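Biologist: I would like to learn how to read features such as helix contacts and sheets from a model, taking them one at a time. Could we work through an example together?

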Amino acid sequence: MKFLLKVIKDFPWFLWSGWGSIASIFLFLALWELGFQTYGELILPSPKMVFESMGMLLSDPSFHMDLYLTVKRGLIGFSVSLLLGTLLGLIAGYFVTASVMSRPIVTILVGIPPIAWIVLAMIWFGLGDMTVIFTVVIASFPIVFVGALQGSRTIEGDLKEMMESFHIGFLQKVMDLYFPHLFSYLFPSWVSALGMSWKIVIMAELLSSSDGIGASLAVARSHLDTPLALALVSVIIGVLFFVEYIVLEPIKQEVESWRN
Amino acid sequence: MAQLRIGELNFYYGFTQILKGIDFSLEEGKIISIVGPSGGGKTTLLKLCAGLLDVVEGEIDNSFSSSAFAFQDPRLLPWKTSLENIMMPLHVKIKERELKEKATALALKFGLEKSDLLKHPKDLSGGMRQRVSFARALIGEPKLLFLDEPFSALDIGLKKELQSFVLEACEKQKMSVLFITHDLMEAIKLSDTILLLKSDPGEIVARYAIETSQKERDDAFVFEQTKGFLEDALIREIFEIKVNA
């Protein structure tokens with residue numbers, strides 16, 4: 001509770017530190033406008049047109065449904081890979097044999113391109129939710145797994161021995177040693193897995209689903225509706241920005257304050 | 001009376017014998033130091049006594065009610081502040097507020113500044129970290145303290161200061177200390193008994209008792225005794241002293 005209060009208290013300062021990022025976003029928009037003036041609106045519609053089209057999207061109830069569906073699929077896939085990856089990774093890290101055995105499997109999982117998984121998933125599960133969620137899980141699972149594996153393999157023997165010399169109980173060991181150490185490995189891996197999930201969910205939907213943002217993107221492509229496509233992309237990026245900078249970053253700064 | 005008794009202790013890493021026939025006992029309020037060259041199994045012996053390694057052959061009988069360990073390196077938890085690190089051993093045992101007061105008082109006594117208490121270990125100097133580590137070892141008022149060359153990386157002033165804290169705790173709380181060092185002067189200054197450990201395999205080859213009480217051991221006494229020790233043929237052989245000092 002105290003921790004949550006501190007996160008909220010520090011939040012305005014965190015926002016204030018965002019001016020630099022905002023300046024770079026505006027610079028990007030200016031370059032975009034330059035591109036529009038050079039190539040014309042079929043290739044690159046102006047930011048203004050895209051934002052208008054985004055405004056229309058956001059006031060459209062059927063788009064809300066699509067956004068909700070995509071977020072839901074992404075979150076389910078992400079949560080499953082988070083739980084599974086963390087749990088299996090920690091277990092694998094605990095046993096030397098398991099960590100040695102799991103390495104080539106992880107390499108295989110990382111090596112297979114997500115697009116190949118989508119094809120396989122479409123054959124196995126047909127078109128629909130399951131295909132999308134499966135692809136998300138299979139693509140982001142290895143990231144979390146490797147993070148958890150490395151976390152549990154690198155717990156310092158010296159610190160463990162120190163705790164034992166003071167006859168510290170298991171529960172306090174978890175709170176004071178294992179959790180802070182593991183978290184410094186797990187959290188970054190969760191963040192990259194979340195980014196991965198979000199990208200994969202769009203791609204899987206584009207190829208295998210009739211609803212969701214990915215499917216809307218497929219429609220925009222077939223109508224050659226560039227403003228709509230770019231508006232969808234902007235929404236996708238907007239969601240990512242929100243989650244990463246407004247939700248995750250403040251938590252990370254609080255928990256990892258001992259580092260800097 | 002509580003005591004730590006070691007009898008016929010042997011220890012092996014693989015097929016290499018590290019310790020051979022170790023035999024001594026440590027009584028309440030006494031200080032025993034184990035002196036010997038580096039790599040002679042001193043740390044292994046200390047860890048066995050502290051229960052950090054399993055005894056395979058021989059006997060270790062520890063009837064002290066509590067013990068603590070100060071390592072050569074500070075081994076602080078990097079994600080905790082100095083104060084939280086000091087509080088760590090007693091965290092679940094006494095109330096937070098009481099503990100905080102106790103830890104703060106102890107830290108200030110050990111020469112830490114108020115502003116240091118909220119710093120994380122990486123923002124402290126090496127000497128400060130060692131003070132924190134020492135405060136952490138002593139906060140639980142252990143009946144038995146294991147010291148693994150904790151003074152070796154410190155400057156002379158800090159060394160003397162921390163040594164006097166150990167002596168004080170021995171006198172006031174009847175604390176016993178088992179401590180290992182390769183510094184003869186340190187051993188002569190602090191201990192009631194000095195055990196000389198030769199290496200390959202680690203074996204106690206000599207025992208020296210110092211009768212003079214620790215309070216009366218001034219620098220002249222320590223120098224004089226050290227000189228005597230350094231002239232001892234056995235010690236010269238064990239430490240492989242080849243040139244004449």
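This is a predicted model: local features need pLDDT of at least 70, side-chain atom pairs count only at pLDDT 80 or more; totals for chains, interfaces and linings use all residues.

Biologist: At roughly what angle do the axes of H4(A) and H9(A) cross?

Modeller: The axes of helix H4 (residues 61-94) of chain A and helix H9 (residues 170-208) of chain A cross at roughly 140 degrees and come within 9 Å. That angle makes H4(A) oblique to H9(A). The crossing of H4(A) with H9(A) is right-handed.

Biologist: Turning to chain B, in what order do the strands of the open sheet lie?

Modeller: The open sheet of chain B has six strands in the order S5-S6-S7-S3-S8-S9, and their pairing is mixed. S5 and strand S9 (203-209) of chain B are the edge strands, each with a single partner, so one side of each has no neighbour in the sheet. On average, and with direction ignored, neighbouring strands of this sheet are turned by 15 degrees against each other. Helix H4 (residues 126-138) of chain B packs on the sheet, where this helix touches S5 and S6 of chain B, and its direction makes about 170 degrees with that of S5(B).

Biologist: Which residues of S6(B) lie on one side and which on the other?

Modeller: In a regular strand the side chains alternate between the two faces of the sheet. In S6(B), Leu144(B), Phe146(B) and Asp148(B) lie on one side, Leu145(B) and Leu147(B) on the other, and all are buried. Because five of the five residues of strand S6 (residues 144-148) of chain B are buried, this strand is largely enclosed by the rest of the structure.

Biologist: How many bridges join S5 to S6(B)?

Modeller: Strand S5 (residues 67-70) of chain B runs parallel to S6(B) and is joined to it by four bridges, with Ala68(B) having Leu145(B) as its bridge partner. S6(B) also pairs with strand S7 (residues 176-181) of chain B, in the parallel sense and over five bridges, and here Leu147(B) has Phe179(B) as its bridge partner.

Biologist: Finally, how many residues does the contact take from chain B and from chain A?

Modeller: The contact takes 14 residues from chain B and 13 residues from chain A. The side of chain B that touches chain A consists of eleven nonpolar, two polar and one charged residues.

Key: Residues are numbered from 1 along each chain as its sequence is written. Chains are lettered from A and ligands numbered from 1 in the order in which they are written. Axes are lines fitted to C-alpha atoms, for helices over the stretch in contact, and angles run from 0 to 180 degrees between N-to-C directions. Helices (H or I, at least four residues) and strands (E, at least two) are DSSP runs, numbered from the N terminus. Angles under 35 degrees count as roughly parallel, over 145 as roughly antiparallel, 65 to 115 as roughly perpendicular and the rest as oblique. A crossing is left-handed if the near helix is turned anticlockwise from the far one by less than a right angle, and right-handed if clockwise. A residue is buried if 20 or more other C-beta atoms lie within 10 Å of its own, exposed if 12 or fewer, and partly exposed in between; C-beta atoms are placed from the backbone. Two strands pair if DSSP finds at least two bridges between them. Two residues are in contact if their C-beta atoms, placed from the backbone, lie within 7 Å. Ala, Val, Leu, Ile, Met, Phe, Trp, Tyr, Cys and Pro count as nonpolar, Asp, Glu, Lys and Arg as charged, and the others, Gly among them, as polar.
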